[in-house]
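Subject: Handover of a structure and the findings from it

Dear colleague,

I am passing a structure on to you with this message. Please keep it open while you read the notes that follow.

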Amino acid sequence: MVGIWDVKHMFESSIIIFLVIGALATTAIYYVNNSDDQQDMMMSTPVMTHNSYNNNVYDSLDGCDLFSGKWVHDKESYPLYKEVECPYIPGEFSCGKYGRTDFIYQQWRWQPHARFVLSSLSSRYLKQLGTTSSHLSYLSSRFNAKEVLERLRGKRVIFIGDSVNRNQWLSMVCMLQSVIPHGLKKMQKVANVLSLFTFKAFEYNVSIDFYWAPLLVESNADHPSNHKRNYRVINIQSIEKHAKNWVNADILVFNSYLWWMTPTIKIMYGSFADSKKHIMVSNHDGYQMVLEKWSDWLATHINHRRTQSYFMSMTATHRRGVDWGKQGNENCLNETHPIIKEYFWESMSDLKMMRILESSLDKLKARGVNVNLVNITQLTQYRKDAHPSIHRLFYSTLKAKQLSNPNGYADCTHWCLPGVPDTWNELLLAYILQRRK
Ligand SMILES: *[C@@H]1O[C@H](CO)[C@@H](O)[C@H](O)[C@H]1NC(C)=O
Ligand SMILES: *[C@@H]1O[C@H](CO)[C@@H](O)[C@H](O)[C@H]1NC(C)=O
Ligand SMILES: *[C@@H]1O[C@H](CO)[C@@H](O)[C@H](O)[C@H]1NC(C)=O
């Protein structure tokens with residue numbers, strides 16, 4: 001299948017792979033740590049398509065698809081920090097503290113297949129063909145928290161969304177905090193704003209915040225800790241209540257997925273307290289309507305020359321073990337290794353939600369607003385091993401009946417820290433930092 005054109009460009013393309021990957025490694029990503037892997041990279045045939053990828057996503061990384069790949073066991077490089085060394089990991093994600101004794105799940109590195117859309121490779125990289133050796137040396141550099149903090153100096157980052165986004169926020173804090181001395185950092189709840197939490201690195205004047213808004217607009221789940229509801233009510237017209245707290249950020253990182261996983265959503269109009277006018281819609285329709293509202297807000301209230309915006313795509317929740325060959329009601333409990341099968345897709349992940357999100361982001365792009373989709377969905381699909389399951393703090397005391405059926409209460413939605421969210425942040429940082437150059 002290899003054409004003459006392909007052979008001619010094979011060598012050049014391999015160098016381009018190194019250049020782009022090398023550039024990423026200087027910012028945040030650690031890809032290749034030994035010669036076997038480099039060999040692997042060299043041998044993999046770059047895919048030379050011109051239109052087969054959605055350019056929206058890859059434009060800013062020059063045609064590099066970071067989201068197709070495989071997990072490679074690499075205990076030299078991972079984990080990026082130790083659970084006991086990060087004082088900010090809450091009980092929900094402290095798997096070791098709550099009895100998990102296997103640690104291989106912390107030792108996997110995401111290795112993109114590094115495929116490129118050659119037509120969109122910028123001439124910048126082609127010009128650099130002569131400078132390969134200096135780029136190659138970056139391949140062995142590791143995640144460098146000091147460098148990241150330096151590059152973020154004076155910036156405010158806000159993660160906005162649900163508990164999976166909170167999971168990612170705390171991962172980011174843990175990745176960065178170890179290089180900041182005692183007394184020069186602080187984690188706190190922001191007074192007067194119910195849903196806002198902030199981590200500050202004073203020396204660098206960096207603020208890494210989290211804002212709880214699981215459905216983005218005002219909803220009956222808005223309380224950051226007391227929000228257990230089995231039905232959803234949202235006020236479609238009210239995003240400002242939350243969003244007014246997002247305007248003066250340099251980097252916005254959104255997510256919203258889990259709370260839409262009910263069949264119907266009640267949408268209210270007018271004041272939230274006065275529920276006279278409302279409609280019931282499907283979760284898909286509700287998601288679309290809210291994303292439209294969110295898009296309008298983003299297009300009109302954010303200065304896009306100052307603020308970069310990102311949307312984290314949905315993540316897998318390994319609740320149906322039958323998807324990977326387990327029995328009955330078994331789930332992520334007791335899983336210690338990733339799924340190897342390429343393109344594995346669990347039955348719970350709702351691709352229609354992803355399509356609604358993609359089309360919303362496309363429409364925004366047509367209006368001149370670029371929100372990068374950080375497409376972590378596929379890479380989370382493989383990681384049935386990386387959830388807390390029963391190794392976390394549960395807020396209500398478990399009854400004997402529950403304890404006798406651990407599959408019934410295992411948490412297969414969130415992620416142990418250190419763990420998979422660290423990789424999402426490395427990918428996110430690759431975008432953020434290359435734009436800041
Ligand atoms: C710190 O960063 C904020 C933005 O997050 C900026 O408004 C402020 O001027 C910075 N302060 C200093 C002392 O650099
Ligand atoms: C999970 O593993 C533990 C320890 O190996 C074992 O005792 C338990 O029965 C397993 N649970 C299930 C549901 O397989
Ligand atoms: C994101 O990843 C999913 C799953 O791999 C894929 O179906 C989808 O097309 C991707 N979206 C974009 C915009 O690349």
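Predicted model: local features only at pLDDT ≥ 70, side-chain atom pairs only at ≥ 80, totals over all residues.

Which residue of strand 12 stands opposite Val233? Lys266 is the residue in that place. Residues are numbered from 1 along each chain as its sequence is written, and chains are lettered from A and ligands numbered from 1 in the order in which they are written.

Overall view

The chain contains 14 helices and 15 strands. Helices (H or I, at least four residues) and strands (E, at least two) are DSSP runs, numbered from the N terminus. Of its 437 residues, 42% count as buried. A residue is buried if 20 or more other C-beta atoms lie within 10 Å of its own, exposed if 12 or fewer, and partly exposed in between, with C-beta atoms placed from the backbone. Two residues are in contact if their C-beta atoms, placed in that way, lie within 7 Å. Among the contacts with a separation of 6 or more, 80% are between residues 24 or more positions apart.

Strands and sheets

Strands of a sheet pair through backbone hydrogen bonds, either parallel or antiparallel. Here two strands pair if DSSP finds at least two bridges between them. Strand 10 (residues 233-235) and strand 12 (residues 264-268) are parallel and share three bridges. They belong to an open sheet of four strands in the order 9-10-12-13, with mixed pairing. Its edges are strand 9 (218-219) and strand 13 (278-282), each of which pairs on one side only.

Strand 14 and strand 15 also run parallel, joined by four bridges. Tyr310 stands opposite Asn372 of strand 15. In a regular strand the side chains alternate between the two faces of the sheet. Strand 15 (residues 371-374) is covered on both faces, with Val371 and Leu373 buried on one side and Asn372 and Val374 buried on the other.

Nonpolar cores

A nonpolar core is a set of buried Ala, Val, Leu, Ile, Met, Phe, Trp, Tyr and Cys residues joined through C-beta atoms within 7 Å. The largest one has 89 residues, and Ile160, Val253 and Val374 have the most contacts inside it. Helix 14 gives this core its largest share, eight residues. At least three residues come from each of domain 1 (1-68 + 113-143) and domain 2 (81-109 + 154-436); these bounds come from an automatic or database domain assignment. Leaving aside residues up to four places away in sequence, Ile160 touches Asn165, Tyr211, Ala213, Trp246, Leu252, Val253 and Phe254. Another core, of five residues, lies apart from the largest one, and includes Cys332, Ile390, Ala410 and Cys412.

Is Ser389 buried or exposed? Ser389 counts as buried because 25 other C-beta atoms lie within 10 Å. This residue is in the loop between helix 11 (377-381) and helix 12 (400-403). Beyond residues up to four places away in sequence, Ser389 touches Cys332, Leu333, Ala410, Asp411 and Cys412. Ser389 and Asn407 are 18 residues apart in sequence and 8.1 Å apart in space, C-alpha to C-alpha.

Ligands

A residue counts as near a ligand if its C-beta atom, placed from the backbone, lies within 6 Å of it. Ligand 2 is surrounded by Leu333, Asn334, Pro406 and Asn407, a shell of two nonpolar, two polar and no charged residues. Gly154, Lys155, Arg156, Asn205 and Ser207 surround ligand 1; that shell has no nonpolar, three polar and two charged residues. In this division Ala, Val, Leu, Ile, Met, Phe, Trp, Tyr, Cys and Pro count as nonpolar, Asp, Glu, Lys and Arg as charged, and the others, Gly among them, as polar.

Backbone details

The peptide bond from Tyr78 to Pro79 is cis, with omega near 0 degrees. Pro79 sits in the loop between strand 2 (69-73) and strand 3 (108-112). Asn192 is not a glycine, yet its phi is positive, about 75 degrees. Asn192 lies in the loop between strand 6 (185-189) and strand 7 (196-201), and counts as exposed because 6 other C-beta atoms lie within 10 Å.
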